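Please look at the sequence and the model first.

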Amino acid sequence: MHPRGADYLVDRRCTDFPSSNHLPPQSRAGDHNGRVAEYILRKLVPKNLGPKKPVVTFQAHDGPVYSMVSTDRHLLSAGDGEVKAWLWAEILKKGCKELWQRQPPYRTSLEVPEINALLLVPKENSLILAGGDCQLHTMDLETGTFTRALRGHTDYVHCLALRERSPEVLSGGEDGAVRLWDLRTAKEVQTIEVCKHEECSRPHNGRWIGCLATDSDWMVCGGGPALTLWHLRSSTPTTIFPIRAPQKHVTFYQDLILSAGQGLCVNQWQLSGELKAQVPGSSLGLLSLSLNQQPAAPECKVLTDTGNSCRMDVFTNLGYRAFPLSF
Amino acid sequence: MGAVTDDEVIRKRLLIDGDGAGDDRRINLLVKSFIKWCNSGSQEEGYSQYQRMLSTLSQCEFSMGKTLLVYDMNLREMENYEKIYKEIECSIAGAHEKIAECKKQILQAKRIRKNRQEYDALAKVIQHHPDRHETLRELESLGKELEHLSHIKESVEDKLELRRKQFHVLLSTIHELQQTLENDEKLSEVEEAQEASIETDPKP
């Protein structure tokens with residue numbers, strides 16, 4: 001059985017796991033300097049508990065790497081204005097070249113907005129990019145053409161989430177609103193102005209929505225406003241999680257909500273708003289979490305987190321940190 | 001080949017009976033006493049020596065019997081241990097299965113808990129809104145009031161129309177009367193003027 005790999009981003013952005021069958025478990029991280037480093041997780045029983053070093057590091061972008069996502073065979077990384085694809089199999093060899101590189105159509109050719117979020121839509125085999133130009137671009141992965149541009153945000157977009165049951169995309173941005181877009185009609189279906197609701201807005205922190213996660217009927221969003229659980233059909237905030245620090249990444253896991261933000265720990269919340277556990281990590285401010293949940297490799301089921309330092313933590317059991325990796 | 005087995009034999013013998021006390025010495029003694037007995041002279045000595053040899057022989061047989069029993073016992077212990085080992089393996093496999101079962105149950109329970117919490121969260125929000133029956137009742141009563149008021153409004157408007165029409169009739173009759181009066185006055189003026197002209201005419 002070939003366990004699946006893992007890749008994550010360190011020092012600012014996302015961590016991600018490829019769903020490949022053919023590779024040993026790997027992790028990958030991209031950083032602010034545009035480098036991408038790769039680690040191999042073998043059996044998750046570290047021989048020494050000190051930090052591990054990456055297996056391969058290569059310069060992926062000239063500027064910072066803001067987001068990464070992976071498919072079965074490719075790793076897609078996005079930086080300032082462009083998306084590059086790399087083959088997993090090639091990455092282990094030194095001096096690999098990107099498979100392709102694309103730029104979504106911007107309004108003016110002088111704009112080079114950063115691409116803050118990438119999202120894969122497996123049903124349509126397309127990729128959604130969103131970033132500094134306040135639009136969501138859809139790109140078909142087979143042909144590489146940009147099919148739609150969804151406009152509606154008034155300020156740049158920070159994060160994307162996919163709602164599986166109806167093929168909708170949620171995007172949250174600096175303007176404090178979460179917008180739901182229907183992918184079939186390419187129109188904005190619903191807007192939730194998070195900052196306008198008194199229960200969750202915290203004007204001293206700002207209105208920006210830093211993180212989004214959705215579970216088809218429910219959505220969690222946080223950032224400037226407090227971390228809140230919303231019921232999407234009625235657009236009502238149901239639970240507000242009592243944490244002061246703005247959260248940068250949030251995700252649903254089994255019956256818990258995991259969040260990470262300013263502050264050492266990965267927080268585990270129950271849907272009722274109670275804090276179940278706080279697991280400290282290595283960085284002082286955490287920016288991204290990633291879970292490897294592919295069913296083919298249950299022994300590689302890990303959570304990794306990264307943040308403002310050059311260390312990344314791997315959690316095999318959500319209760320404690322197993323070992324750190326260093327960039 | 002022979003050297004190997006010799007070494008083995010020597011090693012085994014040293015292990016079992018290194019210092020020469022016990023069975024090995026007994027057998028050597030037996031052989032020596034047998035030879036002595038063969039060469040002995042008198043009947044009595046020979047008989048006592050014979051008895052002594054028989055007792056040594058029976059001692060040797062006894063110890064051999066003991067070792068055989070111990071050997072049997074070891075074999076049976078081994079079998080017993082093998083059996084226990086297999087049982088433990090089975091129970092380990094069973095425990096693994098149970099653990100997998102329990103993990104599935106945990107996932108199920110977590111899903112149930114999540115559903116319950118979602119339900120609770122929505123219920124809390126719903127509780128903030130007033131009860132549906134009350135709202136319906138209020139709506140009904142408001143609707144009735146509205147109907148009642150609109151009835152009143154209609155009747156008032158009807159009355160207003162009626163009065164307007166009546167006033168209209170009144171005013172038009174007054175106008176007609178005025179007109180008729182004016183006409184009458186004009187007619188009477190004309191008549192007077194005619195009469196006055198007739199009066200002045202017959203004079204000449």
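## Chain B and the sheet of chain A

Chain B has four helices and zero strands, where helices (H or I, at least four residues) and strands (E, at least two) are DSSP runs, numbered from the N terminus. This is a predicted model, in which local features need pLDDT of at least 70, side-chain atom pairs count only at pLDDT 80 or more, and totals for chains, interfaces and linings use all residues. Residues are numbered from 1 along each chain as its sequence is written, and side-chain values use heavy atoms, with hydrogens and water left out.

In chain A, an open sheet is formed by four strands in the order β18-β19-β20-β21, with antiparallel pairing (two strands pair if DSSP finds at least two bridges between them). Because β18 and β21 of chain A stand at the edges with a single partner strand each, one side of each has no neighbour in the sheet.

| Strand | Residues |
|---|---|
| β18 (chain A) | residues 209–214 |
| β20 (chain A) | residues 228–231 |
| β21 (chain A) | residues 236–240 |

Strands β20 and β21 of chain A are joined by four bridges; A:Thr228 has A:Ile240 in β21(A) as its bridge partner.

Helix α3 (residues 43–128) of chain B packs on this sheet and touches β19, β20 and β21 of chain A (contact means heavy atoms within 4.5 Å).

In helix α2 (residues 23–38) of chain B lies B:Ile27. B:Ile27 counts as partly exposed because its relative accessibility is 44% (buried means under 20% relative accessible area, exposed over 50%, partly exposed in between, with a 1.4 Å probe and protein chains only). Buried residues make up 6% of the 204 residues in chain B.

Note on methods: Chains lettered and ligands numbered in written order. Axes fitted to C-alpha atoms, helices over the stretch in contact; angles between N-to-C directions.
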